[in-house]
Every structure is written in structure tokens, then in C-alpha cells.
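Dear colleague,

Please find below the structure that I am handing over to you. My findings follow it, and I would be grateful if you could read them alongside the sequence.

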Amino acid sequence: TKDTTDYVAEINRLKKEKNAVILAHYYQEEAIQDIADFVGDSLQLAQEAAKTDADVIVFCGVHFMAETAKILNPKKKVLLPDLKAGCSLADSCPPEEFKAFKAKYPDHKVVTYINCSAEIKTMSDIVCTSSNAVKIINSFPKDQKIIFAPDKNLGDYLNKETGRDMVLWDGACMVHEAFSIEKLLTLAAEHPDAEIIAHPESPSHILKTASYIGSTAGLLKYARESKKDKFIVATEAGILHEMIKQVPNKHLIPAPAEEDNSCACSECFYMRMNTMKKLFLCLEHELPAIEVDEKLAADALLPIERMLALSK
Ligand code: 13P
Ligand code: SF4
């Protein structure tokens, strides 16, 4: 039988009934971005989670984001529509292996990208996102030795930006690794009036072609403020939904992925696990909820709070 549920109406009803807030990342499907109370990048979402007075937080993003929201709000219920919405980058850094890696560099501070598990955060001096990474790294003295994990592409970009030589963990995001440099260069040749803008999780051969490199919020700001009216956008294609709203008269083209696929772009399989139906069900049943061990959460909170204090 056909599903005739009016998910928009039902989600709005439940949200009110339960005093819940829906936080969504720019990589979520369009309907979820449209129904969310707040849409943002990783930093904005963590900041929003830190200050919300809702009783329930429904996190439409991936597990590490919802886990961070729970660590910031141990007493609140934090829901994730699909618990299996993980992250290839977070998965590329298993805690036991990272512990052994860190032990090889005893005089190094540890800066970790927020895309990692709570266990990795407990081994970090400070957390960062792509929006504030340069600022966070520059908060250490120039001669401070640093380990940066888990994203080697972002780490390599940050080494160049800050003139440092951080030791990098060998992790990556499958969505940003999927861009094809050959197809991108062909597309750019077809659109010589377009500027390439890219997320720093992209590999260096992609970043070399970009006129601007920044977080999802940074890319949106650049598209708004640049005089150019055509962009090839190298990040998860979900961002185009918000970008079109913000610059309706500009021409936006998603950067092409290596594999031919239906969107001719790169989408995050994990982010797309959340759907309107799962969002409705999770609000209705208040499940699945994120649980973090109390001691683990307390230890992981410190490096997150340090980041938030430096990001005001
Ligand atoms: P930002 O939200 O910091 O741009 O990061 C993108 C990302 O890959 C989140 O998983
Ligand atoms: Fe992880 Fe990449 Fe998906 Fe972001 S886009 S959640 S970094 S796999």
C-alpha cells in the first residue's frame, strides 16, 4: 500500500509536542534541510547544540555529530534518525591504532578534526572543524610539535596554510576522495568563466585547481560575496540546495565524481541514510538515542569546549 503519511505535518506536530529541535547538516537531503530548525556546518551545529534549550535534539547528520551534541548535553535526549549513519573519515581512525600512533610522538600536542569518535576526542588536546582549523592550530606556539588526525587531506592543506609540519594520520573522506581531476579539468575547460571552489577534505590535486577553499559555511559565504556568477562546487552535493537559495541568480555546477552515477556528483552515503520517514519515526518513538559512557563523555568534553571557547 502507498505511504500517504504527511511527514512534514507529522514531524512539525511531534517537534512541538516534545519541545524538540531539529539540527541538520548541509549534506542532508533537501526535505530534511527544509524542515530543520537550524541548518549549518559542523561548527555551527556544535555551537547550536551547545546553546539549545530544547528537551530533545534530533540530529540530522552523522553519528560523530550527534555524539558531540550528546557530550555537550549529557542530560538531554539526542536522537539520530539512523544509527548506522557513520562516517568513512571517523572510521579511518580506530582508537587502539591511534593510541599506539600517538605514543610514538610523546612531545606532540594532538589536534583532531571533529569527524572522529568520542574515544579519539579523549586523546586530543583540542578539536577543530574545517571552519576554525587554521585559528586552532595557530593558537599553539610556532615551534609546538603537533599530530593532526584523522584527515590527511585537510592536514596537508593546513600544513601549507600555517607553515607547519604537523604529523598526519592517514585518513580520508570517501566523498571528497571521489572527485575526478580529469573530469573536473574538462568541465572547467567547458566553463572558463566558472570559479572552482572546494572543501579542504578534497585531495591536493583538486585543491590546486580551486580559487577558494573552505568549509561548507565558508563556500556559501564565498559564493554570496564573490563577483563571479558561476561556480564548480567540490564538496558533497547537498550543499547546492542551500547555495541555490542564497545565490538564486548564479550558476552552480557540482564537481564530478570518478564513477558515473545518477547525480554526476559526489553524495555522502552515510548522510543520505537519514530520510523524512526515519526522522518522523525517531521523533515519535524517541529512538534511536545516542548514549555515551559518562566517563568517556566527560573526557571528550574538554577538547570540544576548548574549541568552542576559541571559536566565538
Ligand atoms: P563542514 O561541515 O565543517 O564543512 O565539514 C564537512 C563534512 O564533511 C562533514 O562531515
Ligand atoms: Fe564523513 Fe565524508 Fe560523509 Fe562528511 S562527507 S560524513 S566526512 S564520509
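**Findings: the cysteines and ligand 2**

Apart from residues within four places in sequence, cysteine 268 is in contact with Tyr27, Val175 and Glu236. Please note that the model is a predicted one. Cysteine 268 sits in the loop that runs between β12 and α15 (276-285). A residue counts as buried when 20 or more other C-beta atoms lie within 10 Å of its own; cysteine 268 has 24 and is therefore buried.

Cysteine 173 belongs to the loop between β8 (167-168) and α10. Cysteine 173 also counts as buried, because it has 26 C-beta neighbours inside 10 Å. Beyond four places in sequence, the contacts of cysteine 173 are Ser88, Leu89, Asp151 and Glu201.

An unreviewed UniProt entry lists Cys87, Cys173 and Cys268 under "binding site". These residues span 182 residues in sequence, but no two of their C-alpha atoms are more than 9.2 Å apart, so they gather at one spot.

Ligand 2 is surrounded by 13 residues, the closest being Cys87, Leu89, Cys173, Val175 and Cys268. Two or more residues of this shell come from each of α5 (88-91) and α10 (174-177). The shell consists of ten nonpolar, two polar and one charged residues.

Finally, helix α14 (residues 239-246) has Ile239, Leu240 and Met243 as its buried residues. They lie on the same side of α14, because they cover an arc of only 90 degrees around the axis. Among the elements covering the buried residues of α14 are α13 (216-225), β11 (230-234) and β12 (251-254).

With kind regards

Key:
Residues numbered from 1 in each chain as written. Chains lettered and ligands numbered in written order. Predicted model: local features only at pLDDT ≥ 70, side-chain atom pairs only at ≥ 80, totals over all residues. Near = placed C-beta within 6 Å. Helix = DSSP H or I, 4+ residues; strand = E, 2+ residues; numbered from the N terminus. Nonpolar A, V, L, I, M, F, W, Y, C, P; charged D, E, K, R; others polar. Buried ≥ 20, exposed ≤ 12 C-beta atoms within 10 Å, placed from the backbone. Arc of directions from axis to C-beta. Contact = placed C-beta atoms within 7 Å. UniProt positions renumbered as here; feature names shortened; annotations may be inferred.
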